[in-house]
Each structure stands twice: as structure tokens, then as C-alpha cells.
Amino acid sequence: MSLRRKLLWGVGLPVLLVTWLYGGYYVKYDEWTNDTVFFIKKCPTFQIKFQQILYENEDLADIRRVDDRRRAIIIDYCKYRLGIITDLTTQEDLERCRAL
């Protein structure tokens with residue numbers, strides 16, 4: 001096995017794995033632009049792409065208006081992006097995820 005191949009497997013593969021486990025992104029949709037936001041996850045997961053939890057025009061002022069699908073997205077975002085582990089049952093839980 002050549003030295004180049006050994007370096008690829010010995011250095012490149014672990015770097016790729018760490019990047020996969022601790023790197024993430026989401027697309028931020030504004031009125032005029034769509035920006036990709038990269039971030040370092042607070043805990044490792046194989047999920048790389050996340051969804052933006054709040055849009056500029058969206059009003060999630062009441063936790064009762066959040067459906068189950070949206071709740072799961074917000075819980076994942078809070079856990080991996082912000083490091084907040086919550087089951088999103090109270091209005092305060094939602095505000096903590098929105099504030100950061």
C-alpha cells in the first residue's frame with residue numbers, strides 16, 4: 001500500500017467522520033435570500049441537514065399551534081444546534097429555543 005493511500009485512510013477518514021458527526025447546516029430562508037448556515041453540533045449525530053425552526057414571517061407564539069412533525073424538528077434543532085435537551089411541552093421551552 002502506498003504512503004498516499006495510508007495517509008488517506010489514516011488521516012482523511014477520521015477527519016471526515018468527525019466532520020460528519022459534529023458538523024451540520026440548515027438553509028436560512030429570508031425574504032430575498034437563501035443562505036446556508038453551517039454550525040458545530042453540541043452532540044454527535046449522523047444527521048447533517050437540519051431545518052430552520054422559525055421563519056421570518058412565521059408566528060409560533062403559542063406552543064399549542066406546533067404540530068407533532070414541527071415539534072420533532074424543533075426538538076432536534078434545540079438538541080444538536082443549541083445543546084438544549086427538551087421535550088417541548090411548555091411555552092418556556094419554545095422560547096428558550098427561539099431566543100438563541
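Guide: Two strands pair if DSSP finds at least two bridges between them; strands (E, at least two residues) and helices (H or I, at least four) are DSSP runs, numbered from the N terminus. This is a predicted model, where local features need pLDDT of at least 70, side-chain atom pairs count only at pLDDT 80 or more, and totals for chains, interfaces and linings use all residues. Residues are numbered from 1 along each chain as its sequence is written, and side-chain values use heavy atoms, with hydrogens and water left out.

Visitor: What makes β1 and β2 a pair?

Guide: Seven bridges join β1 and β2 in the antiparallel sense, and the rule asks for at least two. Within the open sheet, the order is β2-β1-β3, with mixed pairing. β2 and β3 are its edge strands, each pairing on one side only.

Visitor: Why is the pair of phenylalanine 50 and tyrosine 80 called tilted?

Guide: Rings of Phe, Tyr and Trp (its six-membered ring) pair if their centres lie within 6.5 Å; planes under 30 degrees apart count as stacked, over 60 as edge-to-face and the rest as tilted. Here the centres are 5.9 Å apart and the planes at 50 degrees, so the pair is tilted. Phenylalanine 50 is in strand β3 and tyrosine 80 in helix α2, 30 residues apart.

Visitor: Why does tyrosine 25 count as partly exposed?

Guide: Buried means under 20% relative accessible area, exposed over 50%, partly exposed in between (1.4 Å probe, protein chains only). Tyrosine 25 has 24%, so the residue is partly exposed. Phenylalanine 38, at 64%, counts as exposed.
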